[in-house]
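Subject: Structure handover

Hello,

My notes follow below it.

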Amino acid sequence: MKKVLLSLMTVLFFVPQLSWAQEIKPVKNVIFMIADGTSLSTVSLARWYQNVQEGELTKLNLDPYMSGSVITFCSNAPIGDSAPTTSTYMNGMPSIQGMVGTYPYATTQDLVPVDSTMAYRPIVSLMEASRILSDRKLGVVVTCEFPHATPADGTSHSYSRNRYDWIIPQMVHNDIDVLIGGGTELVDASQIAYLEKSGYGVFLDDYASLASYQGDKMWSLFSPRDIPYDIDGVQGKDPKLPEMVDAALRLLDQGNDQGFFLLVEGSKIDWGAHANDPVAMATEMLAFDKAVKSAIDFAKRDGNTVVVITSDHGNSGVSIGRNGLRNYAGASKEELFGPLTKITKSSVGLAEMITEASEDQISDLFEEVATFRPTDQELEVLRLLRKMELATDQERPAIKKQLNALDISGEGALYTNALPDYIASLFRKQMYIGFTTHGHTGEETFLASFAPTEEQRAKGVHTNMELHDYLRRILGIEPTMQELTDQYFAPHSEVFSGMKISIQGDESQDKVLTVKNNKKTLTIRSFTNLLYINDQLHQLHVPAVYVDKRDEFYLPASLRELMQ
């Protein structure tokens, strides 16, 4: 009985009142900015990094707009994962780890009520609703590869965040007006051709396009996957996040009377936190903060724009101060942050330099970047890890045996990427900055906001569900995402009940739905919005989503009328 009561109390605690505390006057534009995997202590780390660089106490650009905090969680777990937590911002329903824009399945530890009949069903996002209901333009700016969890949450639907073969075609067919991010190797020739035929300028590793392109729609991608960390980027080749935001705002705003929804992610703060690399974390957060200035400057000029800035979850348990710092209240800023601010590359950037250099250059190169020299044993590990990076599959077992003999298991060297992570562990030895994990953490995240009036700002402590409701209301969207889901993502077995239905294709991404009724034949391929009735093209508001676990297409309920 006690367990049942506790479970009920948990549900009641986490289920918010699905209405904002006050009526809000909607605005034309919304810029929603997510510092991925950013704990509040990461914000502090970046601020102190800036203070040391500037030689005085300074403010971050987001500081004047700090307004509260957000409790983020999955449908069945207090610690968030990027896919379901940003999905919650987008559609109001927490979901399961790894799920993008998708209703969760029920578990024995759910924190919110879950309707098991809805499991795996795509849910309409705020971005999709903004375009469908008010013809707003849509923009996505990220520093990770473009189909990664956060950008995918607003523009696609998949129960697996890793299924890029399901996510990318949805993003291509979901009328995103401006997309700027990483991933040149992730779009194929047919997808580029479709975008260009649809009026997009498509640019691959074309830095000049950010400032020069004058069209209405643009996809501009850089690097094979993710864009390099800000501290590692090459000027004039790798774009900075503020430059990407400025370009997106220029294109979304020009000749636009209906407004826009722009999603911006400082994607790789999270990546630096996973690696426990304080250099990457601090500098990526500062790059994000500069993008915040771009967004707020635009909002101030425009007068009809809201900017909401938050994170999707914490990461790494980073602390300023750790065991070994004896006089914690007497430590100077140089002692605490000097070693951090002197390093001129992230652990990934230095690893790339070491891999490209000759073996006898490693020690000098390391000292040049990090301002300290590795010990003889550390140098030997660096040499072996460099060899591992360059080795064939046949050569790796012998190198691994040599590494095991050096016993570096306690260094956090083999977390995900051996050489960069070992370098990060050497960085940390020089600093009084602590970490508890390489994973996500469950503390609430920061909330900052700017609006034309004080009454329109997001303020206070809210769940991620409640922040979704605020965004929905500030956009002036009356129906809930569940109500829109009933209209736009209905199961095909219900939509076409009584008609002749068949599904062909071996893989989920190649499935074709065919429906016949009254001399009409409907066909549509999974994850596209191109529907044909008797060879006449109808473009849907959202791509049709095929879910193999249900053997079901999800598409607009209104299609039944077209087939009568």
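Which side chain meets Arg225 in a salt bridge? The partner is Glu185, at 2.9 Å from N to O. A salt bridge here is a side-chain nitrogen of Lys or Arg within 4 Å of a carboxyl oxygen of Asp or Glu. The pair links distant parts of the chain, 40 residues apart. Arg225 sits in the loop between β6 (217–222) and α9 (241–253). Glu185 sits in the loop between β4 (178–182) and α7 (189–197). Arg225 counts as partly exposed, because its relative accessibility is 34%. The cut-offs: buried is under 20% relative accessible area, exposed is over 50%, and partly exposed is in between (1.4 Å probe, protein chains only).

Before you go on, two notes on the source. This is a predicted model: local features need pLDDT of at least 70, side-chain atom pairs count only at pLDDT 80 or more, and totals for chains, interfaces and linings use all residues. Residues are numbered from 1 along each chain as its sequence is written, and side-chain values use heavy atoms, with hydrogens and water left out.

**Other salt bridges**

The count by this rule is 18 salt bridges. One of them joins Arg473 and Asp469, at 3.3 Å from N to O. Both residues lie in helix α18 (residues 464–474), 4 residues apart, about one turn of the helix. Helices are DSSP runs (H or I, at least four residues) and strands likewise (E, at least two), numbered from the N terminus. Asp469 is buried, at 3%, while Arg473 is partly exposed, at 23%. Shared partners also join Glu145, Glu185 and Arg225 into one salt-bridge network.

Arg457 pairs with Glu454, with the closest N and O atoms 3.0 Å apart. Arg457 is buried at 13% relative accessible area. Glu454 is partly exposed at 41%.

**Surface patch**

Trp48, Leu57 and Ile320 make a nonpolar patch of about 290 Å². Patch residues have over 30% relative accessible area and no salt bridge; like charges are joined within 9 Å, nonpolar side chains (Val, Leu, Ile, Met, Phe, Trp, Tyr) within 5 Å. Areas come from the Shrake-Rupley method with a 1.4 Å probe; for residues, only the protein chains shown count as cover. Leu57 is in the loop between α2 (40–54) and β2 (66–71). Leu57 is exposed, at 69%.

**Whole chain**

The chain has 21 helices and 22 strands. Buried residues make up 59% of its 564 residues. The C-alpha atoms fill a box of roughly 80 × 65 × 60 Å along the principal axes. The chain exposes about 23,100 Å², and carbon and sulfur atoms supply 49% of it.

Best wishes
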